[in-house]
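Subject: Structure handover, with notes on rings and strands

Dear colleague,

I am passing on the structure below, together with some notes for a reader who has not seen it before. Please keep it open beside this message as you read.

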Amino acid sequence: MSRLIVVSNRVATPTETKGSAGGLAVGVFGALKETGGVWFGWSGDVVSETVANQGPKLEQDGAVTFATVGLSKKDYDQYYRGFSNAELWPVFHYRNDLAVYDRDEYAGYRRVNSWLAHKLIKLLEPDDILWVHDYHLIPFAEALRAAGITNRIGFFLHIPFPSPQILLNIPPHEELVKSLCCYDVVGFQTESDQLAFHDYITRFAHGSATSDGHVEAFGRKLRTGVYRIGVFPDEIAEQAERGEARQDVMDLKQSLEGRKLIMSVDRLDYSKGLVERFRAFEQFLEKSPEWRGNVTLVQIAPPTRADVETYQQIRQNLEYEAGRINGRYSGLDYTPIRYLNQRYDRWKLMSLFRESQIGLVTPLRDGMNLVAKEYIAAQNPADPGVLVLSQFAGAAGEMSGAVMVNPHDVVGTADAIGRALAMPLAERKQRYETNMTALRKYDLGAWRDRFLADLRGVKKA
Ligand code: GDG
């Protein structure tokens with residue numbers, strides 16, 4: 001079988017691909033190990049231009065080569081912090097109000113994509129298949145094609161694809177869609193994302209798109225598909241159960257003094273609906289005096305992209321809201337919201353999920369949201385907690401056993417918290433089973449294998 005080349009903005013370290021770290025890195029590494037290949041991308045380091053131009057740095061792990069390059073400060077600012085995270089991320093999450101478009105940053109985004117593509121070419125063999133990930137790398141295949149590369153290249157978008165009316169806000173929208181058409185397979189998380197792309201193709205790119213994913217536009221033919229990303233549920237269940245007896249988890253349990261626990265875990269990002277969630281919890285405490293002092297919300301939110309301005313604002317906002325709500329409802333021995341602005345080990349998160357009565361996952365917009373799936377997988381089947389889930393997470397399409405909410409409706413979300421806390425065991429078990437059936441059907445292995453099978457099925461250009 002031909003080798004696999006995975007290209008992503010950040011490359012997992014060899015340690016992250018080993019079992020304990022879990023998640024996406026393990027899933028993708030599994031595919032790489034099978035056929036041998038290369039995982040190529042940015043190392044995460046900002047380096048001098050001279051050092052950047054020396055790469056890629058190669059590390060071998062069995063049949064897999066990890067190939068990484070550093071980025072110069074200018075490239076980091078324009079490609080990563082600028083166009084990717086201050087323009088594409090907000091617009092693709094329907095937050096045009098937060099987007100900042102800058103022509104130089106866009107030029108930098110394309111330049112870095114092309115530079116990265118040329119770094120990879122040296123490592124390519126004629127029969128390799130390439131799997132490119134996410135919004136940072138939309139023009140990557142176009143740069144390879146321009147250099148005469150005819151290998152099969154697939155792209156998976158981890159975040160939502162916005163409807164055309166939203167996408168039009170990005171001045172070079174047409175160039176971006178044209179770049180996507182240079183791939184052989186373009187994968188989305190949900191049907192809505194795929195439809196939004198087709199909608200753009202037919203209405204704005206003079207192209208055609210069929211319901212089974214055959215697209216023709218800009219003189220190219222490609223396939224689109226829906227590949228719902230998942231988790232490995234058994235591995236998570238095992239990790240959660242094993243962690244239960246460890247000291248940190250016991251300490252937390254003890255500190256709760258019998259109170260109910262609501263768990264939320266998100267990267268600190270405005271798309272995750274954290275402020276709205278805190279207000280919903282406040283509303284719940286306001287409406288339900290009997291629960292004051294008897295339920296704690298633990299919000300774990302490791303900071304990300306701290307050098308993008310909107311991320312500094314969301315951090316300030318949240319600190320203010322947590323302080324305000326805690327000021328209102330705390331007692332001498334009770335803090336309603338424990339807001340933890342740091343990263344925790346994965347096993348710890350999974351065990352805390354298992355200890356909790358509610359998983360509160362309420363993004364305003366999310367490609368899939370793996371936390372929702374991890375929460376379900378971590379539950380004790382004999383006494384499962386309830387997933388309260390935003391209808392705007394991609395995961396909502398599968399997790400029909402969740403209590404569904406519109407995160408903009410603070411009162412509705414507060415009611416859902418109340419219902420979940422009061423839910424009888426039989427109903428919790430039934431909802432858990434429904435969710436687990438979906439988790440097993442769309443697990444991480446299925447996602448990966450379906451995408452790669454479709455890509456391998458494409459005829460080489
Ligand atoms: C993008 C899309 C899509 C979080 N805090 C800690 C920690 N995490 C882990 C979670 C989960 C992962 O990070 C986050 O994944 P999500 O899917 O929830 O969200 P994004 O990071 O925004 O991911 C998203 C995803 O790509 C995959 O396609 O689902 O829609 O936005 O695994 O557990 N892990 C550890 N410590 C933390 O403090 N160890």
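The model is a predicted one, in which local features need pLDDT of at least 70 and side-chain atom pairs count only at pLDDT 80 or more, while totals for chains, interfaces and linings use all residues. Residues are numbered from 1 along each chain as its sequence is written, and side-chain values use heavy atoms, with hydrogens and water left out.

Rings of Phe, Tyr and Trp (its six-membered ring) are taken as a pair if their centres lie within 6.5 Å, and the pair is called stacked when the planes are under 30 degrees apart, edge-to-face when over 60, and tilted for the rest. The count by this rule is 27 aromatic pairs. One of them is the edge-to-face pair of Phe-83 and Tyr-101, with 6.4 Å from centre to centre and 75 degrees between the planes. Phe-83 belongs to helix 3 (residues 73–92), whereas Tyr-101 is in the loop between helix 3 and helix 4 (103–121), 18 residues apart; helices (H or I, at least four residues) and strands (E, at least two) are DSSP runs, numbered from the N terminus. Phe-83 is buried at a relative accessible area of 1%, and Tyr-101 is partly exposed at 29%, where buried means under 20%, exposed over 50% and partly exposed in between (1.4 Å probe, protein chains only). Both rings also belong to a cluster that ring pairs form with Tyr-79, Tyr-106 and Tyr-109.

A charge counts as sitting over a ring if NZ of Lys or CZ of Arg is within 6 Å of the ring centre and within 35 degrees of the ring normal. Arg-246 lies over the face of Trp-347 in this way, 3.7 Å from the ring centre, and Arg-365 over the face of Tyr-94, at 3.9 Å.

Turning to the sheet, 6 strands form an open sheet in the order 13-12-11-14-15-16, with parallel pairing, two strands being paired if DSSP finds at least two bridges between them. Strand 13 (337–340) and strand 16 (403–405) stand at the edges with a single partner strand each, so one side of each has no neighbour in the sheet. Strand 12 (residues 295–300) runs parallel to strand 13 and is joined to strand 13 by 4 bridges, and Leu-297 has Ile-337 of strand 13 as its bridge partner.
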